[in-house]
Amino acid sequence: MSLIDSVSFPRSFRLPRLDGLIQWIVPLAIIAIWQVASVTGFVPTRVLPAPSDVMLAGWKLLLSGELVRNIWVSFWRASIGFLIGGSIGFAFGLANGLSQLSSKLTDTTLQMVRNVPHLALIPLVILWFGIDESAKLFLVALGVFFPIYLNTLHGIRTVDPQLIEMGRIYGMSDGELFRRVIFPGALPSIFVGIRFALGIMWLTLIVAETIAASSGLGYMAMQAREFMLIDVVVLSILIYALLGKLADSASRVLERLMLSWHPAFQKR
Amino acid sequence: MQTALRTSLPETELASRANFAPHARVLREERPAQTSGLPLSIRALRKSYGDNEVLRGIDLHIPAGQFVAIVGKSGCGKSTLLRLIAGLEKFDAGSISLGDAVKPEDIRVMFQEPRLLPWARVLSNVEVGLGRDRSSSDAHTRAEKALTEVGLTDKRDQWPSVLSGGQKQRVALARALVSRPRVLAFDEPLGALDALTRISMQRLLERVWRDQGFTAILVTHDVAEAVALADRVLVIEEGRIAHDVVVNTARPRERGSAELAGLEGSILSHLLSADDRT
Ligand SMILES: Nc1ncnc2c1ncn2[C@@H]1O[C@H](COP(=O)(O)OP(=O)(O)O)[C@@H](O)[C@H]1O
Ligand SMILES: [Mg+2]
């Protein structure tokens, strides 16, 4: 899981100065090879435009303001959908982790709904909401809900019972027990859920915007396909990748800050 | 020096014998100067888990400030007795009384696992021990003082994960001590430590007990540890106190002395003979 793959190597294995740069060597090499392959005609530009063409297309769209507008729309949809689905998932995770009654009442139902792939609901969602904003928000929220719900629930249920007993012995009230023992104990698992949810968030949004939207990155890509603007199509895909990476990095930074006590995050 | 070894004596008789012993005066001097400890009286205490009758009538009086060790085979109910005394579980019959009005902060328990909060620094972990006084203005100073008592002042801002097993247990001890408890119950607190760390922890336990004068109840599977630390060793068998052994050896005690070794041997043979019978 995420906690394990971020365990760092001992110092001696590192090239200190290249540390931050080393991860960019492979992507840059791929772009260089790609450029060469396009220029020499090895890869026809109808199949895959040269990186320079993609950048040029990006520059034009940037000047026209279209790029920023579409990125903003997609970003806004992703964030709002994530916030809605994430909060509801977190709330259910808390409730079902802390209360037997709540768990008995809703957990089985939620586990059943989980087995429906949320993207399979697209036709239904279009019937309900049309290609309105709410359709995209609904799908993103639904996709994000489950990883957050499941991991919050799992995190709370697996908090060391000995620590909870300790908290009770030392006279913690329910609120204090939650704040000082249960929530911090569940946090590593909650972060695993957040990272999963971010992946699902982008995936859902791409699909939803491609099928049913009149703005956003996915819509931009579909429009470009209709006019055979392959450079814009590739540009959209690359921007999705960048935004995904950005979201993942942000969650890692947050994780590092909040879980600085965790042995996996301690720098020596 | 002579030691008193009696089998299943009523506690009162035992106490009076101790008073007639020639070195009773010495014993009293070894006791903490001002006893903040609470006396503990247990009468006909019973506890079952389902069909499993764990405690079948425990009668016990512990005078204020005494250091009592409890030994017995694994599964004989030592932890259960301790948990009942600490109020962590309900008993089926009998009574436990702890002297005058007891606050929750007056009784503290230390377990084999340190049970520190991994996400709290050492000092905040100690502050947890203040109970309801956690948010008072002198919480920091009191926690720091408790850390000094266990010799870990320099670790106050560390995460528990960087401490050794012995250091973690010392933080747990500081957390238990910070509220100035009047009864301190230990459930095999040194069971997971290596031999050398154990010995230094035993010294530390004895020292804080002498400094603070709480009533100490130590459950241990190590009979040598029991005779080295305790005023009195109780052997539990079949849900009852089968032997009540007074250790009159003066403190500081010399580890491995013939006197302690003899006592240890006789307690061990009790335990083993019980084993043969079953
Ligand atoms: N919460 C519990 N539920 C059921 N049985 C228990 C529980 N706690 C202890 N027991 C049983 O009570 C007996 C005594 O346990 P314990 O007091 O932990 O022994 P020990 O002397 O090793 O500390 C054991 O047989 C154990 O299985
Ligand atoms: Mg035990």
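Biologist: With which residue does B:R83 form a salt bridge?
Modeller: This is a predicted model, in which local features need pLDDT of at least 70 and side-chain atom pairs count only at pLDDT 80 or more, while totals for chains, interfaces and linings use all residues. Residues are numbered from 1 along each chain as its sequence is written, chains are lettered from A and ligands numbered from 1 in the order in which they are written, and side-chain values use heavy atoms, with hydrogens and water left out. A salt bridge here is a side-chain nitrogen of Lys or Arg within 4 Å of a carboxyl oxygen of Asp or Glu. The closest N and O atoms of the pair are 2.4 Å apart, and the partner of B:R83 is A:E165.

Biologist: How many salt bridges does the rule find across the interface of chain B and chain A?
Modeller: Side chains of opposite charge can pair when their charged atoms come close. Across the interface of chain B and chain A, the number of salt bridges that the rule finds is 3.

Biologist: How many residue pairs are in polar contact between chain B and chain A, and which elements of chain B supply at least two residues each to the side that touches chain A?
Modeller: A polar contact is a pair of N or O atoms within 3.5 Å; within protein, one must be able to donate a hydrogen and the other to accept it, and residues adjacent in sequence count only if both atoms are side-chain atoms. With both residues at pLDDT 80 or more, the count between chain B and chain A is 9 residue pairs. Helices (H or I, at least four residues) and strands (E, at least two) are DSSP runs, numbered from the N terminus. The elements of chain B that each supply at least two residues to the side touching chain A are strand 6 (107-110), helix 4 (122-128) and helix 6 (165-177).

Biologist: How much area do chain B and chain A bury between them, and which three residues supply 38% of the area that chain B buries?
Modeller: The size of an interface is often given as the accessible area lost when the parts come together. Buried area is the accessible area (1.4 Å probe) that two parts lose on being put together, summed over both. Chain B and chain A bury about 1,900 Å², with 60% of it on carbon and sulfur atoms. Of the area that chain B buries against chain A, 38% comes from three residues, more than from any other three, and they are B:R115, B:W119 and B:R134.

Biologist: How many residues of domain 1 of chain B are in contact with domain 2 of chain B?
Modeller: Domain bounds come from an automatic or database domain assignment, which for chain B gives domain 1 (11-102 + 182-277) and domain 2 (116-181). Contact means heavy atoms within 4.5 Å. Domain 2 of chain B brings 11 residues to this contact, and the number from domain 1 of chain B is 15.

Biologist: Which element gives the most residues to the side of domain 1 of chain B that touches domain 2 of chain B?
Modeller: The two domains of chain B bury about 1,000 Å² between them, 67% of it on carbon and sulfur atoms. Across their interface the rule finds 0 salt bridges and 3 residue pairs in polar contact, both residues being at pLDDT 80 or more. On the side of domain 1, strand 7 (183-187) and helix 7 (195-212) of chain B give two or more residues. With 7 residues, the element that gives the most is helix 7 of chain B.

Biologist: Which residue has a polar side-chain atom 2.5 Å from an oxygen atom of ligand 1?
Modeller: A residue is near a molecule if one of its heavy atoms lies within 4 Å of it, and the residues around ligand 1 include B:Y49, B:K73 and B:S79. A backbone N or O atom lies 3.3 Å from an oxygen atom of ligand 1 in B:C76 and 2.9 Å from one in B:K78. The residue with a polar side-chain atom at 2.5 Å is B:T80.

Biologist: Which residue is joined to B:R251 by a cis peptide bond?
Modeller: The omega of this bond is about -5°.
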